[in-house]
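User: I would like a walk through this model, one feature at a time. Please give the general idea for each feature, then the case at hand.

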Amino acid sequence: MLDYVIHLDKKLFIFLNNLGSKPFDEIWLLVTKQLNWIPFFLILLFILYKKLGTKKLGIAILTVAALITFTNEITDVIKFSVQRIRPCNDDTLAGLIRVVKDSDTFSYFSGHASNSTASMMFVYLILRKYYKYSYLIFLYPLIFAYSRIYLGLHFPLDIISGFVFGGFTGILFYFLFEKLSNKLTTPTTHE
């Protein structure tokens, strides 16, 4: 059964990866770099500041830092446990795929997908009560993670698993944030 799932995963990867073409390679190389998303993050930071205020924003930033650290560490533990090679290094795919960027690290599961989904799930859960279309921030992890398939660095199952793990992590850290912010921002009464 697992072999069949991996076979389907590779077939889907080949299809999605081959949708790319040379004129778009540079765009996807820009998309995949986290630093290029700083303007987007700054806009989100400003929106959060307007809705949360300084103290709660500080708690949110610390929570996101913990969230990303946690997500990175768990992703690395799983990558080194599973040791799935990346598509760009898979000899069975040679000549069938476009390799725009390569890497010698392991593939399963995608840190790009898990980190971006975890952080956007966290932000979404904060902003959903203020903005009807706050779910649109999930376009970021979708585009960001697809860049990994386009470039030849991750299989679809790597991305999907990263999305699932990131989603759960974002929810977990949101509840932690709620608990912390309620405890630290609620005035205490002295009798």
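**Reading the pockets, cores and backbone**

Analyst: The largest pocket is lined by 18 residues, and F41, V64, I68, S119 and M120 lie nearest its centre. A pocket is an open set of points on a 1 Å grid over the protein atoms alone where a 1.4 Å probe fits, with protein on both sides within 12 Å along at least five of seven lines; lining residues have an atom within 4 Å of a point. The model is predicted: local features need pLDDT of at least 70 and side-chain atom pairs pLDDT 80 or more, while totals for chains, interfaces and linings use all residues. Residues are numbered from 1 along each chain as its sequence is written, and side-chain values use heavy atoms, without hydrogens and water.

User: Which elements give two or more residues to the lining of the largest pocket?

Analyst: Elements are DSSP runs numbered from the N terminus: helices are H or I of at least four residues, strands E of at least two. For the largest pocket, the elements that give two or more lining residues are α3 and α4. The most comes from α3, with ten residues.

User: What is the volume of the largest pocket, and what is its lining by class?

Analyst: A volume is the space filled by probe spheres set on grid points, which are joined across faces, edges and corners. The largest pocket comes to about 430 Å³. Ala, Val, Leu, Ile, Met, Phe, Trp, Tyr, Cys and Pro count as nonpolar, Asp, Glu, Lys and Arg as charged, and the others, Gly among them, as polar. The lining of the largest pocket then holds 14 nonpolar residues, four polar ones and no charged ones.

User: Which residues lie nearest the centre of the second largest pocket?

Analyst: Its 13 lining residues include D76, K79, R86, T105 and F106, which lie nearest the centre. The second largest pocket has about 180 Å³ of space. Again α3 and α4 are the elements that give two or more residues to the lining of the second largest pocket, and α3 gives the most, with four.

User: How many helices and strands does the chain have?

Analyst: The chain has six helices and zero strands, so the order from the N terminus on reads α-α-α-α-α-α. Its C-alpha trace spans about 75 × 35 × 25 Å along the principal axes. A contact is a pair of heavy atoms within 4.5 Å. Of the contacts in the chain between residues at least 6 apart in sequence, 82% join residues at least 24 apart.

User: Which residues have the most contacts inside the largest nonpolar core?

Analyst: Such a core is a set of buried Ala, Val, Leu, Ile, Met, Phe, Trp, Tyr and Cys residues joined through side-chain atoms within 4.5 Å. Buried means under 20% relative accessible area, exposed over 50% and partly exposed in between (1.4 Å probe, protein chains only). By that rule, 40% of the 191 residues in the chain are buried. The largest core has 28 residues, and L48, F122, V123, I126 and F177 have the most contacts inside it. Two or more of its residues come from each of α2 (22–31), α3 (38–82), α4 (111–127), α5 (139–151) and α6 (156–185). Helix α4 gives the largest share, eight residues. With neighbours within four places in sequence set aside, V123 is in contact with L44, L48 and I137. A second, separate core has nine residues, F13, I97, A145 and I159 among them.

User: Where is T117, and is T117 buried or exposed?

Analyst: T117 is in helix α4. T117 counts as buried because its relative accessibility is 7%. Beyond its neighbours within four places in sequence, T117 is in contact with P141, F163, G166 and G167.

User: Which residues does M121 touch?

Analyst: M121 also lies in helix α4. At a relative accessible area of 15%, M121 is buried. Not counting residues up to four places away in sequence, M121 touches F138, G167, G170 and I171. M121 and F168 are 47 residues apart along the chain, and their C-alpha atoms are separated by 8.5 Å.

User: What is to be noted about the backbone at F109 and Q83?

Analyst: The peptide bond from Y108 to F109 is cis, with omega near -5°. F109 is placed in the loop between α3 and α4. Q83 lies in the loop between α3 and α4 as well. Its phi is near 55°, a positive value in a residue other than glycine. Q83 counts as partly exposed because its relative accessibility is 46%.
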